[in-house]
Number of protein chains: 2
Amino acid sequence: IESAVAAVKAPAKPYVLVGSGTASFSAAQAIKEQEPNANVIIIGNESVPPYMRPPLSKELWFSEDANASQTLKFKDWQGNERNALYQDISQYEIITDVADLNKESTKIKLLLQKTVNKLDVEAHTVELDDGSVIEYNKVLLATGGSPKHLPNQSDVKNVTTFRTVDDLRKLDSIAKKNAHIVVVGGGFLGSELAVALAHRAKTEGLKITQVFPEEGNMGNVFPTYLTKWTTGRVIDEGVDVKPKHSIKSIANAEGDKVKVLFDNDEALEADHIVVAVGIEPRVELARAAGLEIDEQRAGVVVNAELESRRDVFAAGDMISFHDIQLGRRRIEHHDHAVLSGRHAGENMAGKNKPYKHQSMFWSDLGPKIGYEAVGLVDSQLSTVSVWAKASEADTPAAAVSQPENLRGVDVQDIKPSSETAAPSNKQPGNPAEGTVFSDEKFGKGLVFYTKNKKVVGVLLFNVFGKVQEARDVISNGTSVDQIEKIVSKFDIHGSH
Amino acid sequence: IESAVAAVKAPAKPYVLVGSGTASFSAAQAIKEQEPNANVIIIGNESVPPYMRPPLSKELWFSEDANASQTLKFKDWQGNERNALYQDISQYEIITDVADLNKESTKIKLLLQKTVNKLDVEAHTVELDDGSVIEYNKVLLATGGSPKHLPNQSDVKNVTTFRTVDDLRKLDSIAKKNAHIVVVGGGFLGSELAVALAHRAKTEGLKITQVFPEEGNMGNVFPTYLTKWTTGRVIDEGVDVKPKHSIKSIANAEGDKVKVLFDNDEALEADHIVVAVGIEPRVELARAAGLEIDEQRAGVVVNAELESRRDVFAAGDMISFHDIQLGRRRIEHHDHAVLSGRHAGENMAGKNKPYKHQSMFWSDLGPKIGYEAVGLVDSQLSTVSVWAKASEADTPAAAVSQPENLRGVDVQDIKPSSETAAPSNKQPGNPAEGTVFSDEKFGKGLVFYTKNKKVVGVLLFNVFGKVQEARDVISNGTSVDQIEKIVSKFDIHGSH
Ligand SMILES: Cc1cc2nc3c(=O)[nH]c(=O)nc-3n(C[C@H](O)[C@H](O)[C@H](O)COP(=O)(O)OP(=O)(O)OC[C@H]3O[C@@H](n4cnc5c(N)ncnc54)[C@H](O)[C@@H]3O)c2cc1C
Ligand SMILES: Cc1cc2nc3c(=O)[nH]c(=O)nc-3n(C[C@H](O)[C@H](O)[C@H](O)COP(=O)(O)OP(=O)(O)OC[C@H]3O[C@@H](n4cnc5c(N)ncnc54)[C@H](O)[C@@H]3O)c2cc1C
Ligand SMILES: NC(=O)c1ccc[n+]([C@@H]2O[C@H](COP(=O)([O-])OP(=O)(O)OC[C@H]3O[C@@H](n4cnc5c(N)ncnc54)[C@H](O)[C@@H]3O)[C@@H](O)[C@H]2O)c1
Ligand SMILES: NC(=O)c1ccc[n+]([C@@H]2O[C@H](COP(=O)([O-])OP(=O)(O)OC[C@H]3O[C@@H](n4cnc5c(N)ncnc54)[C@H](O)[C@@H]3O)[C@@H](O)[C@H]2O)c1
């Protein structure tokens, strides 16, 4: 142990990135851009190298390749070949022992299937589950979040959560058995997975039920009318949606079945339950190290430079950060993991800039309904919205792939969103097959979320390529009275 | 302007301390200890050099010297000669123009009667009210707080607040005129000033009325029974105390008088009103610079190292900081200003340590009643208390002056409290004259404030020299059940 520590001389002390998710990968790349010879090590406890999670509840279920959950290859809605892995394992310097930490290599080092158990801020060390200690130059905490559980979940067989590639592979095997699957949760994950499983149901005869306490899908984000409409579309996809259903308990049932009992005394039997009731940021490590935890929002508290304490940075799902524009926030989305990871990496390499990029997020309920959003979008806020009829071009599948739209590009090509150029007005190339809701009331539209009479969030519903415009609306401090005037920028009544 | 900025070469970039109060002075000294040749500049907008405020509402009113408010010399309760000024103006390098900022000098530089109007974190500059710009190496914000006002206070003549030497001089001149003075507020300042003015009343025939909404003096800090008892003692000192009186309005009255109208429709006429209804931390500068403001507690948000953003530190009354032990806090007391200022200074000079010193505070209601406290003391918390009869030795006047007891020593002799030795058990040397409350129920005692069954604060009432023991009780995570066992450490039933 002595020698491992002693071997790490001052100039070689590594940048240690805890967690092998999107935020860490993005930080590693940013550090390498600033300092190509930097000694950067990612330590993660999953079995696969860094990957993006979004396709796990979307495209990977729509693949024609039955082996997709193994290869992690998928076609995005536009038909481009992609891989959930950010890069092949061969592109990393794989480390299996901390003694190899100072190996000469220009590659990002990757130490997998190890958990960091202790952080000592004053000593500048982290300790792994195998007892080895690494002295760091700067450390990034990017430990993400853990899925929440239902109260007695561990007593019941055939109940899983869904976050990792391992979870995908498991659910993929279950969903091939003609089973009845209950998805618990009406948020991002529950809604996406229900639609994805329903697609699979068309060929495999599954039965998909979705249950949650809200009035409709995405009830915590969308205004009520939109929640209701969206629920209708999820039902159209073949999901048996049970809104306003609170779970009293779950239990094992006969013949390897599981049972869900609701507060209204309804009951449901199924083969499997997928629980998607939110996440808890993983902050045990940070808390034990004496870092501040945001008791209100959860997450480790960092300042606008994503620094918690000197030389201790954090990024991604697990941070409560100071957004200079919108106040303290925690964001659980991919683009934020990319941008905050990148930003933290740059600051670790000495830039010391505030994190001002307004990250976006998106969700697709299959290839036909999609939305993108920026800022604070919460159904508790007041909203102003504008709707138009949608055409075939107004679907995620037809959406133009744009530089700041992370769905279309690999993370390594990303520049901070605030630096991207205004979106082009190219026509979409590859319209989706199937129905679009051109005759429906909520075909496409804009929802402006407001607070103290200012626009603080924008939801772009089946409107694509307008994220930068949405950011501008927020950063200009647009007031509620000005909304009418700026709607034209979003071109929703436009020609296509 | 160009030349002033250009003249400040990289190695000479000063440490700029904004505010000339206790926290700044303490930081300046700490930096000088770390780096004797450092270029340290204190910028303040008062007319006098850095001074301590505590004697302004206490000892300076008990002086035999009629000129005390001018000289700022006073005798502490033990009879030692002191001065509220930390050091004579000649011990500073007085700067009147930013062009002189790089003057060779080992002294702390002091720029008085200038207000810092702008902070640019990214450019590392501050701008003064005369338009000059200073590029800093590190900056400390120690802008303290401004007294709150009553709603229509500015419409009324003969109403003042009380925080500065100028305020002292003004009130001193008013309190020599046989006047009727109303003190508004039952907190620290109102209670201390009422007693101090009542002392003056004995020789100058003043009439002192104190009004506030709580049940008794210090009602926001003390448990109810103690509040009531203490109010009795304030009344004994000659103050006409009106608890449970909320002010509806104040107004000018005939013959240069002022009128106070209460919610219960009582009214009061007087010559002067002193408003002591709390402070508002001065954060305009920080807010405009994009620093985070704690919307719940007020104050600029800093981490456990007292850093808000890279190279931007803050200390004293104006900070919301992360206390690793007790959570996020804001503290408006002298010892915290000393210790956090010192700590910030050390970190500015490169120490990067968390602020773990548990600061104490004290208040005296004249020479006969005093208390000291550590941790969270708030009448909203649950308390456990222990009381004993007091003897003549149990008064502030008789209290042993101890290294960690800041009343007895100048700020430059202070070491961080957590480093001070355990208090000696010397007998007090100089017992006060006059009655002590040896026959009273609450003569001396301990109040333990608890949260989640742990002791989080200790009030030492007429018990002196036990601050370190109180700190230990908190830092050991003492539970409510253990209180009985640890009481003996405080020796309140002891021999003297
Ligand atoms: C199925 C799914 C689909 C999603 N789809 C979208 C989408 O369409 N759009 C969108 O914006 N967002 C989406 N998200 C959210 C997005 O994936 C997350 O916001 C993002 O993954 C957060 O990245 P992160 O790096 O902060 O954390 P994570 O991705 O959680 O990565 C953290 C990693 O750290 C590891 N780790 C934790 N603690 C330790 C430790 N002590 N030692 C070592 N390793 C540790 C974890 O095992 C994990 O691998 C989706 C999430 C899921 C689960
Ligand atoms: C009368 C009185 C008695 C007290 N007695 C006690 C006591 O017995 N025990 C105790 O523990 N505490 C006591 N306190 C509280 C204690 O004095 C404060 O907690 C302490 O002064 C805080 O120090 P500070 O340096 O943070 O702020 P301050 O003392 O408020 O100093 C801040 C300084 O910065 C200046 N400033 C502000 N903004 C700018 C700017 N933009 N540019 C330039 N200068 C600026 C202000 O004018 C001020 O001089 C007392 C307070 C008062 C008013
Ligand atoms: N497109 C995207 O951005 C996307 C997609 C998938 C997942 N994610 C992320 O993955 C994480 C997990 O997603 P999620 O949907 O679980 O979280 P979420 O916070 O989006 O939704 C939680 C949902 O859980 C439900 N819920 C809570 N308690 C419940 C209970 N006791 N019984 C039944 N339902 C209950 C509610 O319906 C609520 O909508 C989140 O961080 C989310 O942001 C994001
Ligand atoms: N010994 C000490 O530590 C000490 C001594 C003096 C001053 N100080 C500090 O100086 C500052 C000012 O002291 P303070 O006593 O004004 O503040 P405080 O916060 O101690 O007390 C405020 C008091 O104002 C009163 N109040 C509030 N609103 C009112 C209203 N509308 N009408 C009438 N009364 C009202 C309440 O009685 C309350 O107790 C504080 O930061 C204090 O900590 C500390």
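A: A polar contact is a pair of N or O atoms within 3.5 Å. The model here is predicted, and the pairs below are read from it.

Q: Which side chain of chain B has an N or O atom 2.6 Å from an oxygen atom of ligand 2?

A: The side chain of B:Glu46 does, so by the 3.5 Å cut-off this pair is a polar contact. Backbone atoms take part as well: a polar backbone atom of B:Val116 lies 2.9 Å from a nitrogen atom of ligand 2. For B:His334, a backbone N or O atom is 2.9 Å from an oxygen atom of the ligand.

Q: How much of the accessible area of ligand 2 does the protein cover?

A: On its own, ligand 2 has 990 Å² of accessible area, and the protein covers 95% of it.

Q: How many residues surround ligand 2, and which are the closest?

A: The shell has 34 residues, and the closest are B:Asn45, B:Glu46, B:Arg53, B:Lys58 and B:Asp317. By class, 12 are nonpolar, 14 polar and eight charged.

Q: Is helix 8 of chain B enclosed or open?

A: A residue is buried when its relative accessible area is under 20%. In helix 8 of chain B, 15 of the 15 residues are buried, so the helix is largely enclosed by the rest of the structure.

Q: What span should helix 8 of chain B have?

A: At 1.5 Å a residue, its 15 residues should span 21 Å, and the end C-alpha atoms are 21 Å apart, which agrees. B:Gly350, with a positive phi near 110°, follows helix 8 of chain B.

Conventions
Residues numbered from 1 in each chain as written. Chains lettered and ligands numbered in written order. Predicted model: local features only at pLDDT ≥ 70, side-chain atom pairs only at ≥ 80, totals over all residues. Heavy atoms only, no water. Near = heavy atom within 4 Å. Polar contact = N/O pair within 3.5 Å; in protein donor to acceptor, adjacent residues only side chain to side chain. Areas by Shrake-Rupley, 256 points an atom, 1.4 Å probe, with all protein chains shown as cover. Nonpolar A, V, L, I, M, F, W, Y, C, P; charged D, E, K, R; others polar. Helix = DSSP H or I, 4+ residues; strand = E, 2+ residues; numbered from the N terminus. Expected span 1.5 Å × (residues − 1). Buried < 20%, exposed > 50% of the residue type's maximum accessible area, 1.4 Å probe, protein only.
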